[in-house]
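Please open the structure in the viewer and keep the selection tool at hand.

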2 protein chains.
Amino acid sequence: MTTALPLNRISASDAAAAIAAGKLTSEALVAACLERIGQREDDVRAWAYIDPALALEQARRRDRETPKSRLHGIPVGIKDVIDTCDLPTEYGSPIYRGHRPACDAACVAQVRELGGIILGKTVSTEFATRHPGKTRNPRDLGHTPGGSSSGSAAAVADCMLPIAFGTQTSSSTIRPAAFCGVIGYKPTFNLVNRAGLKFLSESLDTIGALTRTIPDAALIVEELSGMPATSFAEVAALKPRIGFCRTPHWNQADAASRANLEHAAETLAAAGAMVRNVDLPAEFSALSETQVTVSSYEFFRALTHERTRFPQLISPGLTARIAAGGKVSRAQYEDGLTLATRCRIQIADVFREYDMLLAPSAPGEAPRGLDNTGDPIFGLMWTLLLLPCLTLPYGKGPAGLPLGVQLIGAHGGDAALFVHAEWARRALIE
Amino acid sequence: MTTALPLNRISASDAAAAIAAGKLTSEALVAACLERIGQREDDVRAWAYIDPALALEQARRRDRETPKSRLHGIPVGIKDVIDTCDLPTEYGSPIYRGHRPACDAACVAQVRELGGIILGKTVSTEFATRHPGKTRNPRDLGHTPGGSSSGSAAAVADCMLPIAFGTQTSSSTIRPAAFCGVIGYKPTFNLVNRAGLKFLSESLDTIGALTRTIPDAALIVEELSGMPATSFAEVAALKPRIGFCRTPHWNQADAASRANLEHAAETLAAAGAMVRNVDLPAEFSALSETQVTVSSYEFFRALTHERTRFPQLISPGLTARIAAGGKVSRAQYEDGLTLATRCRIQIADVFREYDMLLAPSAPGEAPRGLDNTGDPIFGLMWTLLLLPCLTLPYGKGPAGLPLGVQLIGAHGGDAALFVHAEWARRALIE
């Protein structure tokens, strides 16, 4: 280990190295995480379900085995829209109170196979949409943690564990990560297998990670997908070509966020990056609205069982969004997918000139209050484009809460995004 | 109704019109289907689970309602890899004996919402792969019905009901339909919502339909997706442009199938179609192998829970295929998807010149014996290309069992495929 941090604060990468070297037990690591949870959960409310005895028993079993991956002995949090066979899975909805799936989701079973510890289920908003769960922002308990990966972001930010799965259909990994001040990573669509994920919008739903370091975000997705392990050894020698993309929604970011992002661009340029403004083609302006069209057509269908049998147990906000989805015609949906396909081809050209784009993560810091999870506007377009996105904490808002900068990579260029984003992180923060 | 067929033999379209006109009750229709099942199920073994009382109760309830769609009162069979909340769902595997999901799959809940009757669960092979279930080919009980949609194809062929869902990852709708002598329709990828489908290969798995008429295949997918209803009124006036595509696997078709398809091409030309030979670009020859690479990478992951916890309950054949999938690297998988993307663009150009392609549905008639479900070779490429495919019964093999001809449409051109395929059906069969 390179740090003397308390065990609950060390990264998964460092912990895995220490476990592999025989210098740390999974049991000690998990116990430290559980202790932190015990101290803080009444305030933060990040967990939908946790079974400390079961987690410790898994850890002790791992400690008797030879490490088989970089996840060996590492506690992982599972967003509660992802099935677990030994813990309840409620999808953030009272419809599924106490529900126990028969089968682990693929990503959960893979974590187990790789030696990881399923620490518990983290709070999701209702079916990973916008209606909030019980979680509070650990940076200030009066503020939302963001959504829909609320519990995963809050738990990782509060050092209750090093890694938790998030999912993103709109901005559900990037936004809560930015609000809680951690790394949020939404991979390229189709990098982590989705069997056992409760679908909202199958063309867009993407499983990602909330972590406190970029190598940790890389680690879990690499292990699950079979991508080679990214080396961060040459990061210092990079000279990233960064496209500063204010997006068509720049005016929806508040003054502090806009100034913060301008400052980030200047700092990155001063550190040696090539930073140029990127204006997207005009038709990209329709992408965010199109994301709503496409996703709502799909969730009207995906949630048919729930909306027809339990309408009284669905929040008014989601009820209204479902009704709007039911009015989207197949032709409108297909037009939306056609636009998305066209823009995916055009954005690939942009990435011939840039290693990554720099854009807002959210319109501002985490809003005060717990009755909504904030605005997903700065995630919609990138999710519809299926691109890998990573948010870094950088700067503070007027209330002293974290701001984020979002870095977007080329389709399938997740490994390149990891190293360029790590370069940016060091330039901005170290 | 235009025919005086027994009720269990009439099409869904005719039945729906009669129900809407007050000339037929759903109860009478369902009772006729149940009677047929009672007579034949001991031989055919199409059903994984059926609850006659529950089906009749649904039908009586529908008879008290005003019809709300063209599925109102129509019995539908559900392949047993698709979740139902009121009937067991075993995915063709002993691992899930007696499993009862908490939630209907989207397509099941949609059928209910549209007024359809869930008649029961049809036999699937093991997780929709190749290890056979108990079903026999109703045309000759000593022959396989094909797979993986074995029960759906056999039940529809045996006039136990008019429509059943199939799924296809390789050739799991087209092959059993051809072997049993019915219509099999695999839509363009992403036409029917897949929430609640047990995933095998999420990039390829497609929900489709087994029916006895083309309008019935159109009907169910139109109702679920919100596509406009296809009119078949102008079919006789069509002059389809048909590309005769023997595929790179032509030599794997037996002599009877090759001669049958040549004869079909001549008959279609004689009836007024433009029929020309289509040779696909050289790199299309790798697509079938690539389908295996892509799907096995995915099912290695999708079935992690099962392969790690219940290896002794997985068939030797699937165990070997899973192991092979575990050896596919992420780079090989991505190379496969890249080739598929490139070929999808090229095949779009082919469809500028042709309304549909004509190709084999299977290497021959249904093989004798029940220990394997036949060779999926003639489905792999089209599934990987995400194209709509429809098989028509045409001709007989040496043992007197049905042969099929496969018609393939442009991506998203399902409605055009329906009418051109109906033109072809009339030219070939009427």
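Begin with chain B and select its strands in the order S1-S3-S2-S4-S6-S5-S10-S11-S9-S7-S8, which is their order in an open sheet of 11 strands with mixed pairing. Strands here are DSSP runs of E of at least two residues, helices are runs of H or I of at least four, and both are numbered from the N terminus. Two strands pair if DSSP finds at least two bridges between them. The edges of the sheet are strand S1 (47-50) and strand S8 (274-277) of chain B, each of which pairs on one side only. On average, neighbouring strands of this sheet are turned by 30 degrees against each other, direction ignored; the angles are taken between axes, which are lines fitted to C-alpha atoms (for helices over the stretch in contact), and run from 0 to 180 degrees between N-to-C directions.

The model is predicted, and local features need pLDDT of at least 70, side-chain atom pairs count only at pLDDT 80 or more, and totals for chains, interfaces and linings use all residues. Residues are numbered from 1 along each chain as its sequence is written, while chains are lettered from A and ligands numbered from 1 in the order in which they are written.

Next, select residues 389-396 and 402-408 of chain B. These are strands S10 and S11, which pair in the antiparallel sense over 6 bridges. Within this pair, B:Leu390 stands opposite B:Leu407 of S11(B).

H3(B) lies across S1, strand S2 (75-79) and strand S3 (117-122) of chain B, and runs at about 155 degrees to S3(B).

Then select B:Ala264, a residue of helix H8 (residues 255-270) of chain B. Is B:Ala264 buried or exposed? B:Ala264 is buried, since 23 other C-beta atoms lie within 10 Å. A residue is termed buried if 20 or more other C-beta atoms, placed from the backbone, lie within 10 Å of its own, exposed if 12 or fewer do, and partly exposed in between. Beyond its neighbours within four places in sequence, B:Ala264 is in contact with B:Leu358, B:Tyr394, B:Val405 and B:Leu428; contact requires C-beta atoms, placed from the backbone, within 7 Å.

Move to chain A and select strand S5 (residues 183-186). Both faces of S5(A) are covered, with A:Ile183 and A:Tyr185 buried on one side and A:Gly184 and A:Lys186 buried on the other. S5(A) pairs with strand S6 (residues 206-211) of chain A in the antiparallel sense over 3 bridges, and A:Ile183 stands opposite A:Thr211 in S6(A). S5(A) also pairs with S10(A), antiparallel and over 3 bridges; here A:Gly184 faces A:Thr391.

Continue to strand S10 (residues 389-396) of chain A, where 6 of the 8 residues are buried. S10(A) and strand S11 (residues 402-408) of chain A run antiparallel and are joined by 6 bridges. A:Thr391 stands opposite A:Gln406 in S11(A). The two strands, S10(A) and S11(A), form a hairpin with 5 residues between them, and A:Gly400 in the turn has a positive phi of about 85 degrees.

The next stop is helix H11 (residues 316-326) of chain A. Its buried residues are A:Leu318, A:Arg321, A:Ile322 and A:Gly325. They cover an arc of only 100 degrees around the axis, and therefore lie on the same side of H11(A); the arc is that of the directions from the helix axis to the C-beta atoms. These buried residues pack against H9 and H10 of chain A. On the other side of H11(A), select A:Pro316, A:Ala320 and A:Ala323, which are exposed.

Finally, display both chains. The contact takes 30 residues from chain A and 30 residues from chain B. On the side of chain A that touches chain B, H4(A) gives the most, with 4 residues.

Terms used: Contact = placed C-beta atoms within 7 Å.
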